[in-house]
Amino acid sequence: MSLTLTEVESLARAAHAGQTDKAGRPYAGHLAAVAAGVRARGGDDDQVAAAWLHDAVEDDAVTEQWLRGAALSDRTKGIVLAVTKRPGEPPEAYAARILATPGALLVKQADLAHNADPARLAALDAPTRTRLTAKYAHMHTLLGLTPPERLA
């Protein structure tokens, strides 16, 4: 039996408890925004579950071994692993893996949209804001997405 979305949300919130984003806000806010963004873009339950867990392995909130054994669909697990950046991995390889994994692009699109939100970026110092804006615009290009005007 698979975990419900409520259980996945609770697990993600607990796994990231005490973590903050670059602006010092509770990290769970980012997870909630990405999950909502996936749902708003027509994502299904597998994609919403993956949105809640999209940074869990990358941020060492859970291990890849835990994820592989979790009561989640294989599709959800595949999406989470696809959007998990690997140390030293070139952005082109990361983007290719996302594009090759059904359902992953929508999750990454919602993640990028929240990361590039002007209100979130405004809370950062200018050098960080400039660096991240360029990084997000490049990823939009690699994924074949039209960057929001603010990133162009």
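Trainee: Why is Asp 45 called partly exposed?

Mentor: In this predicted model, Asp 45 has a relative accessible area of 44%. Buried means under 20%, and exposed means over 50%. The value 44% lies in between, so Asp 45 is partly exposed.

Trainee: What makes Asp 45 and Arg 39 a salt bridge?

Mentor: The closest N and O atoms of Asp 45 and Arg 39 are 2.7 Å apart. The cut-off is within 4 Å. The pair therefore qualifies. As for Arg 39, its relative accessibility is 40%, so Arg 39 also counts as partly exposed.

Trainee: What makes Arg 75 and Asp 44 a salt bridge, and which parts does the pair tie together?

Mentor: Their side chains meet at 2.6 Å, N to O. With a limit of 4 Å, that is a salt bridge. Arg 75 lies in helix α5 and Asp 44 in the loop between α2 and α3, so the pair ties together parts that are 31 residues apart in sequence.

Trainee: How do you class Arg 75 and Asp 44: buried, partly exposed or exposed?

Mentor: Arg 75 has 30% relative accessibility. Asp 44 has a relative accessible area of 31%. Both values lie between 20% and 50%, so both residues are partly exposed. Asp 44 and Arg 75 also belong to a network of salt bridges with Asp 46.

Trainee: How many salt bridges does the structure hold?

Mentor: Eight. One of them joins the side chains of Asp 21 and Arg 120, at 3.0 Å, N to O. Asp 21 lies in the loop between α1 and α2 and Arg 120 in helix α8, so this pair ties together parts that are 99 residues apart in sequence.

Trainee: How do you know whether Asp 21 and Arg 120 are buried or exposed?

Mentor: Set the values against the cut-off. Asp 21 has a relative accessible area of 11%. Arg 120 has 13% relative accessibility. Buried means under 20%, so both residues are buried.

Trainee: What else does Arg 120 meet?

Mentor: The side chain of Arg 120 makes a polar contact with the side chain of Asn 115, at 3.0 Å. The limit is 3.5 Å. Not counting residues up to four places away in sequence, Arg 120 touches Asp 21, Arg 25, His 30, His 114 and Asn 115.

Trainee: His 114 and Asn 115 are in α7. What makes α7 mostly covered?

Mentor: Nine of its twelve residues are buried. Among them are Leu 106, Val 107, Lys 108 and Asp 111, along with His 114 and Asn 115. The buried residues of α7 pack against α2, α3, α5, α6, α8 and α9.

Trainee: How do you know that the span of α7 agrees with its number of residues?

Mentor: At 1.5 Å a residue, the twelve residues should span 16 Å. The end C-alpha atoms are 16 Å apart, so the two agree.

Trainee: Which residues have the most contacts inside the largest nonpolar core?

Mentor: Val 38, Trp 52, Leu 53 and Leu 143, in a core of 41 residues. Several helices each supply at least two residues of this core, including α1, α2, α7 and α9. Helix α3 gives the most, with six.

Trainee: What does Trp 52 contact?

Mentor: Leaving aside neighbours within four places in sequence, Trp 52 is in contact with Val 8, Glu 9, Ala 12, Arg 13, Ala 28, Leu 31, Ala 32 and Ala 35.

Methods: Residues numbered from 1 in each chain as written. Predicted model: local features only at pLDDT ≥ 70, side-chain atom pairs only at ≥ 80, totals over all residues. Heavy atoms only, no water. Polar contact = N/O pair within 3.5 Å; in protein donor to acceptor, adjacent residues only side chain to side chain. Contact = heavy atoms within 4.5 Å. Core = buried A, V, L, I, M, F, W, Y, C linked by side-chain atoms within 4.5 Å. Buried < 20%, exposed > 50% of the residue type's maximum accessible area, 1.4 Å probe, protein only. Helix = DSSP H or I, 4+ residues; strand = E, 2+ residues; numbered from the N terminus. Expected span 1.5 Å × (residues − 1).
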